[in-house]
Amino acid sequence: EKQVAYLCAHPETVLLGSRVLLIDPEGLAIREQCCETTHDQIDALHLNNGWPVVHPSVMMRTAAVRQVGGYREPYNTLEDLDLFLRLAEIGKLENLPEVLLKYRQHFGSVTHEKAVQQSELRELIYRETRARRGMAAVDVAPPVRKKARRRSEQHSMWAWAALKAGNVQTARKHALATALRAPYLVD
């Protein structure tokens, strides 16, 4: 309802997301995501290996999605980034500043299971976007993952993110999981 009202009041906005609370597989809070609210912040982060819009939080204008050609099959594990960058070329991308979605992180997600493929696609999407926008190519490409993240590494990332966000219970849980799975992992 809040997103619909915002879109009705802001016809220049073609995509509207919101702040998101990332939760672990059991529903414990990790941290908030998508704190960027303005088009310029979101577009800049999209172009710099960031994650400023979480797909399930998004409402998009149908006409705008059709205008840019919708999702493109060759980018099937990173189709949202490809679409969002193209939408940013015809209108504004914005996020509402409040949490409207709890987004579960888990080991069966596309982001976890297809990390290597997504990393390769990201580089291609960035090259195409820069060419389409008449931007100079960058000397440093985003890092390409060579292998999927180990579970112990993911637990460690969740532990640190939760600790930084003040979610101590979640941080302890994932720190313990890290220690049990990889006691010598240095982060």
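**Group meeting: a walk through the model**

Hi everyone. The protein's secondary structure comes to 8 helices and 4 strands; these are DSSP runs numbered from the N terminus, helices being H or I with at least four residues and strands E with at least two. Along the sequence the pattern reads α-β-β-α-β-α-α-β-α-α-α-α.

A quick word on the ground rules. This is a predicted model, where local features need pLDDT of at least 70, side-chain atom pairs count only at pLDDT 80 or more, and totals for chains, interfaces and linings use all residues. Residues are numbered from 1 along each chain as its sequence is written, and side-chain values use heavy atoms, with hydrogens and water left out.

Let's begin with the whole chain. Of its 187 residues, 41% count as buried, meaning under 20% relative accessible area; exposed is over 50% and partly exposed lies in between, with a 1.4 Å probe and protein chains only.

Now the hairpin. Strand 1 (residues 13–23) and strand 2 (residues 29–33) run antiparallel, joined by 4 bridges; strands pair if DSSP finds at least two bridges between them. There are 5 residues between the two strands, and Gly27 in the turn has a positive phi of about 95 degrees. Val20 stands opposite Gln33 in strand 2.

Next, helix 4. How many of the 9 residues in helix 4 are buried? The count is 8, so to speak a mostly covered helix, spanning residues 79–87. Among them are Asp80, Asp82 and Arg86, along with Leu81 and Phe84. The cover includes strand 1, helix 2 (39–46), strand 3 (59–60), helix 3 (62–67), strand 4 and helix 6 (115–132).

On to Lys92, which sits in strand 4 (residues 92–104). Lys92 is partly exposed because its relative accessibility is 37%. Leaving aside neighbours within four places in sequence, Lys92 is in contact with Glu12, Thr13, Val14, Leu15 and His39; contact here means heavy atoms within 4.5 Å. Glu12 is 80 residues away along the chain, yet the two C-alpha atoms are separated by 6.0 Å.

Last stop, the surface. Which residues form a nonpolar patch there? Trp160, Leu163 and Val168 do, with about 280 Å² of accessible area together. Val168 belongs to helix 8 (residues 168–181), and it counts as partly exposed because its relative accessible area is 35%. Thanks, everyone!

Key: Patch = residues over 30% accessible without salt bridge, like charges linked within 9 Å, V, L, I, M, F, W, Y side chains within 5 Å. Areas by Shrake-Rupley, 256 points an atom, 1.4 Å probe, with all protein chains shown as cover. Salt bridge = Lys/Arg side-chain N within 4 Å of Asp/Glu carboxyl O.
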